Amino acid sequence: MKEVVFWQRDLAALPPISPPEQQLTETADVAIIGAGVTGLAAARNLAKGGASVAVFDTHTVGWGASGRNGGMISVGSKRPLGSWIKAYGPEKAKRLFQASCDAVTFVEEVIKDEKIDCGYERCGLLCAAWKPEHFGLLAAKQKLLAEQADYKTTLVAPIDIDDELGTGGYCGGLIEDFAGRLDPFIYTRGLALAAQKAGATIHENTAVVALEPSADGHRVVTSRGPVKAADVLVATNAYTGPVTPGLQRRVIPIESQIIVTEQLDEALAAGLILKKRIVFDTKKMLFYYRTTDDDRLFFGGRATFSTVSPQKSGKILQDKMVKLYPQLAGSAVEYTWDGYVAFTFDWDPHMGKMDGLYYSMGYCGHGMALGSYMGDRIANVIAGRPEDTPFLELKFSSNPVYRGKPWFVPLMGGFYRVYDRVK
Ligand SMILES: Cc1cc2nc3c(=O)[nH]c(=O)nc-3n(C[C@H](O)[C@H](O)[C@H](O)COP(=O)(O)OP(=O)(O)OC[C@H]3O[C@@H](n4cnc5c(N)ncnc54)[C@H](O)[C@@H]3O)c2cc1C
């Protein structure tokens, strides 16, 4: 197995986004920390509006979660609609859900407007029931989505699941048509090129090491020197570090591991996910998977809660994949890697301003659509344009026992493993 992100396998052959001779920007209206979908969508919007924008990333465009994820574009968030209703009432819950639909529409529009050749396909999503009891939960979810959010889905009865998946591992499912798949790395690079075309400057391999308030805004200290900026947007999601301690205390980085098989025989690949949908299952420690355009199976999940190498997690995931799809027993796994997903204490994504810094983060595994959309929307706030997305109204809380090191994750992992067995 190669420890390489499948989407980035040809990275060395791509021209760098930041030209090597590019000088460090001295001043900017807005400095953005993080060149993933959040920072780049914000940069595109702000630069289009005429602001001078400088984006900084310790690594390269898409190095973070944006260039290493499942490329699954879906509505909703980690927090189910029912939980939103309980917490915020039906009206606001409906607005939040609608905003998540707007996020998918936003991604589709950007791809079209910027002509990003990332293989986007509106393939639909299948949430597959891991246990017979879970099918009832999916039926209840369907009813709630229809009644409270006017959102239509299709239930797949246990007896019909063979029309969707080539595994006997599931007991029915729920289909959402409004979901798609893409190559996340090409999409993220496409956003970067669009932001550059609009006038933003992207500084790769430039870490922000300190932020100091100044009379006219901020002194942004980078690994290549200082930059003056009137405003700062923190778009570091699960990779948020000690430079922004208040935000670091609010996001919980949780590792997710991925493997990608070798190119499969066309018929074998076609028989795994019959309608080429993106697939999640109903476990707490869920599997998420899809096929790629060149007939591989992309299979993600949490292999283990202890820190292990991508080789070891790859092997564990391969065993789980083969248990689910025994027809893959003879297929090699070619790629293995991992990345961090940003959870929050309430499972909501958050955007706003804290300690004088704008931020948007905490997408709990749904950031391809939500991060793109919320990055674009926080740019409106920074630019002083009217913005009424309901995500702005949510309070971003931490927990007194958390200082940015998620010591409790192995405990949660143990609990969820037992929960998945008994529930
Ligand atoms: C394995 C995996 C699978 C996933 N699958 C999906 C999926 O299928 N669908 C979906 O919607 N979401 C998925 N997600 C979540 C999604 O990828 C993220 O929510 C989204 O990419 C977040 O984008 P971002 O721009 O906010 O952050 P990121 O893309 O993580 O970018 C943050 C950047 O900040 C930079 N940075 C951090 N600190 C500094 C600093 N001090 N100075 C400069 N730069 C800094 C990092 O180098 C990094 O590049 C997945 C995540 C993972 C890890």
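## Basis

The model is predicted: local features need pLDDT of at least 70, side-chain atom pairs count only at pLDDT 80 or more, and totals for chains, interfaces and linings use all residues. Residues are numbered from 1 along each chain as its sequence is written, and side-chain values use heavy atoms, with hydrogens and water left out.

## Ligand shell

The ligand is surrounded by 36 residues, a residue being near a molecule if one of its heavy atoms lies within 4 Å of it. Thr38, Asp57, Ser66, Met72 and Met368 are the closest. By type, the shell holds 16 nonpolar, 18 polar and two charged residues; Ala, Val, Leu, Ile, Met, Phe, Trp, Tyr, Cys and Pro count as nonpolar, Asp, Glu, Lys and Arg as charged, and the others, Gly among them, as polar.

At least two shell residues come from each of α1 (37–48), β12 (252–261), β16 (333–343) and α9 (367–383). Helices (H or I, at least four residues) and strands (E, at least two) are DSSP runs, numbered from the N terminus. The most is given by β16, with three residues.

An oxygen atom of the ligand lies 2.9 Å from a polar backbone atom of Met368. For Thr58, a polar backbone atom is 3.1 Å from a ligand nitrogen atom. Of the 1000 Å² of accessible area that the ligand has on its own, the protein covers 95% (Shrake-Rupley method, 1.4 Å probe).

## Helix α3

Helix α3 (residues 90–113) has 24 residues and should span 34 Å at 1.5 Å a residue, which agrees with the 34 Å between its end C-alpha atoms. The expected span is 1.5 Å times one less than the number of residues. Just after α3, Lys115 has a positive phi of about 50 degrees.

Definitions and conventions:
Polar contact = N/O pair within 3.5 Å; in protein donor to acceptor, adjacent residues only side chain to side chain.
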